[in-house]
Amino acid sequence: MTFANILKNNVVLLSISILLIGACKEQRKEVIKDSAKKIDYTEKVYPLLDSENSRWFYFSSASRPFGMVNLSPDTQIGGAWGSGYRYKTDTIKGFSHIHAWQMSGISVMPVTTNKDSKSAIFKNFYSKFNHVNEIVAPGYHQVRLDRYEIDAQLTSTTRVGLHHYKYPNNSEEKAILFNLNTLLGPSSNTDGVLEQNSENELSGSVIMAPTHRRPKPITVYFKVKLDTKISSLEKDDETGNFLVILDAKQKDVLMKVGISYTSVANAELNITTELPHWQFDNIKGEAKEQWNGLLGRIDVKGGSENDQRRFYTDLWHALQGRRIINDVNGAYPDNTGDSFRVGQLPLNTDGKPMFNHFNSDSFWGAQWTLNTLWGLVYPEIMHDFSNSLMQYYKDGGLIPRGPSGGNYTYVMTGASATPFLVTAIQKGVIVDELESIYQALKKNHLAGGIMEKAGYEHTTNFGGGFKYYMKQGYVPYPIPEGKFGGHQDGASLTMEYAYQDWTLAQLAKKMGHEDDYNYFLKRSANYKNVFDTEIGWMRPKNVDGVWKADYDPYHLEDGFIESNGAQSTWFVPHDLNGLAKLMGGKDVAVQKLNEQFKTAEDLGFTAGTSHALELHPEYSRIPINFGNQPSIQTAFVFHQLERPDLTQYWSRKVVKKVFGGLSPSTGYNGDEDQGLMGSLAVLMKIGLFQMNGGTEANPEYQIGSPIFNEISIQLNPEYYPGGTFTIKADNNNDENVFVSKGEFNGELLKGSSIKHDDVVKGGELVLKMTNKK
């Protein structure tokens with residue numbers, strides 16, 4: 001072979017090699033791309049977080065995002081607090097389908113019986129279980145009932161629970177007990193009815209009795225379909241329980257339970273629409289896919305495995321708790337009037353509801369949590385909730401702050417939905433009927449609106465002290481008329497109303513209502529009327545304008561809602577510069593707050609490990625509490641006082657101490673109100689915050705200290721055009737918590753914030769991390 005031929009062959013071989021290398025590179029890219037698509041974010045979720053401290057609506061397993069059905073085992077069934085799935089209780093008392101704000105219902109239990117034990121089973125049907133034989137994941141729960149040797153699996157669609165029971169071979173009778181007349185979580189279930197419709201179908205209803213918070217009863221209707229024949233249906237007159245005896249030959253049993261708050265017919269429609277087949281694994285897989293679709297909107301890299309697992313657990317909590325209450329055809333329960341009626345949501349051209357309607361705990365504290373997370377990452381969820389709030393207004397004349405059973409509950413205080421709706425408008429999530437929304441919000445801020453009512457004040461309008469706020473510029477403590485509701489704490493009410501007035505003023509300005517803008521802006525300064533410049537703290541005063549005597553700013557709930565004066569003094573998210581001026585300047589304010597954080601750090605930044613411990617003398621005097629909403633913004637107060645370094649320093653400390661644990665015994669150390677604390681943890685960990693709730697024109701995000709090296713947010717293209725917004729934290733670790741400089745799309749940031757319009761256009765925010773201030 002000649003040299004020329006050798007060279008020619010080598011060139012050919014080299015060309016082939018280059019092509020192969022290129023092909024391999026492309027193949028690797030595809031593999032990487034495919035693997036990225038296949039990340040199972042649900043595997044990173046730890047559903048048992050804080051389950052030793054569960055409340056009725058807190059724990060979730062076999063549930064879809066905001067699902068009408070929230071199917072899971074109950075180990076405790078009495079009361080809103082200390083109920084539901086409690087990790088340390090070793091006895092299952094039923095599988096309930098509804099775990100919602102002030103709502104509960106349809107508890108079932110698979111059992112085995114014989115002639116001798118049947119009569120006793122109606123009262124005595126609980127079963128021990130062991131966590132060793134349990135699998136819990138978003139959309140799925142598997143557990144073994146030791147007493148009966150039954151293996152139970154649970155999953156669901158949005159409105160239908162799907163059960164799979166595997167009975168032992170040696171059981172005489174296989175049965176399912178329906179515990180329809182019982183205290184279940186926050187509410188008694190009464191008048192439970194179950195009737196057989198065919199050889200494998202049943203239907204029924206249960207009335208959820210009124211509670212202190214939900215003043216009217218609500219009926220839940222349900223349809224049951226089994227893949228086996230029903231041998232008999234028996235009722236116990238003493239307990240009101242029903243026992244469904246199944247075909248003895250069937251070992252594996254599937255059961256569908258569809259629910260509705262309007263009719264049995266709609267409960268059946270929910271089944272036929274969402275679950276027409278019997279493929280359990282398919283539904284389980286679809287639940288995982290739906291959760292992955294939402295959890296995967298935020299992809300994080302870096303940090304420890306524990307950091308990532310806790311992050312996705314926090315994110316999971318931010319996407320549940322508040323429950324859908326409408327059927328697939330848009331029918332929903334309306335309890336806002338003098339009598340119950342079935343309402344109808346508007347339908348699109350496909351005949352589907354244009355939005356969902358919700359049961360929801362208060363938006364009290366949402367300005368620092370859901371407003372930002374949903375508004376950026378899940379605008380479609382914010383869109384749904386905004387329209388749902390307006391539907392309540394169209395039905396009942398007021399925008400609610402926490403509806404349950406299709407009605408108002410007047411949970412907590414103020415007009416907490418105002419910041420939520422204003423930020424939805426300012427971010428372009430809501431673009432229609434803006435004038436109607438503005439007028440509806442304005443109504444809540446005037447006499448006859450929701451501001452007048454204190455917590456759970458159903459029949460009077462005195463508890464909120466609103467007439468004094470209007471006339472004297474503050475709410476007195478105590479309110480002279482007496483006790484009419486919960487949380488009649490004048491100093492807190494004054495500050496809350498002032499902030500919410502400021503947010504409404506921003507919308508008035510946008511809508512061109514100059515007089516309204518000036519009016520509500522003036523009212524937003526009312527917080528100054530409860531600041532005592534002599535002692536440097538917010539302080540209650542009585543109706544005569546006299547400061548409370550023997551005032552102790554560390555004494556809990558003495559003029560302040562679920563907080564003390566030291567914690568609530570910083571509740572001026574709309575005018576922190578004005579607050580600092582009252583204190584004697586920014587340097588004085590920074591030093592004051594920094595000392596509060598130093599003291600709070602010694603106590604773990606929370607008032608004990610649960611909401612119930614906040615009143616304990618050992619914890620109640622903490623100056624900053626990240627276990628409840630009134631002071632969860634305080635780490636970012638430094639940012640607004642031109643000390644972003646202290647925001648970065650303390651937010652990292654709080655994240656590690658408060659939102660770093662991963663066990664049944666810890667999690668939120670307080671009051672995780674349907675995603676509020678989960679959302680807060682997510683925002684602090686990705687380093688984005690909005691002090692005023694994102695309610696100004698072109699809202700600003702304050703930059704904190706992300707704990708991950710890279711955070712990629714997939715923007716919803718139906719609302720935002722940017723594709724992906726990425727945050728990169730260069731040289732990030734536990735020591736390098738400070739941001740020395742930031743660049744967005746290659747340009748140096750002038751400050752420590754970024755505007756919403758820039759974020760949603762997509763791009764890359766690069767933060768240079770260091771260990772020096």
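Helix α7 (residues 379-396) and helix α8 (residues 417-426) have axes that come within 10 Å of each other and cross at roughly 125°. The model in which this crossing is seen is a predicted one. Two packed helices are described by the angle between their axes and the distance between the axes. Angles over 145 degrees would count as roughly antiparallel, and 65 to 115 as roughly perpendicular; α7 and α8 are therefore oblique to each other. The crossing of α7 past α8 is left-handed.

The residues that form this contact can be named on both sides. From α7 come Met382, Phe385, Ser386 and Leu389, and they meet Ala417, Phe420, Leu421, Thr423 and Ala424 of α8. Sorted by class, the contact of α7 with α8 comprises seven nonpolar and two polar residues, with no charged residues.

Strand β10 (residues 160-166) runs antiparallel to β18 and is joined to it by seven bridges. Within this pairing, Tyr165 stands opposite Val253 of β18. Strand β15 (residues 218-226) also pairs with β18 in the antiparallel sense, here over six bridges. Tyr221 has Ser260 in β18 as its bridge partner. In a regular strand the side chains alternate between the two faces of the sheet.

Notes: Residues numbered from 1 in each chain as written. Predicted model: local features only at pLDDT ≥ 70, side-chain atom pairs only at ≥ 80, totals over all residues. Heavy atoms only, no water. Pairing = 2+ DSSP bridges. Helix = DSSP H or I, 4+ residues; strand = E, 2+ residues; numbered from the N terminus. Axes fitted to C-alpha atoms, helices over the stretch in contact; angles between N-to-C directions. Parallel < 35°, antiparallel > 145°, perpendicular 65-115°, else oblique. Left-handed = near helix turned anticlockwise from the far one by under 90°. Contact = heavy atoms within 4.5 Å. Nonpolar A, V, L, I, M, F, W, Y, C, P; charged D, E, K, R; others polar.
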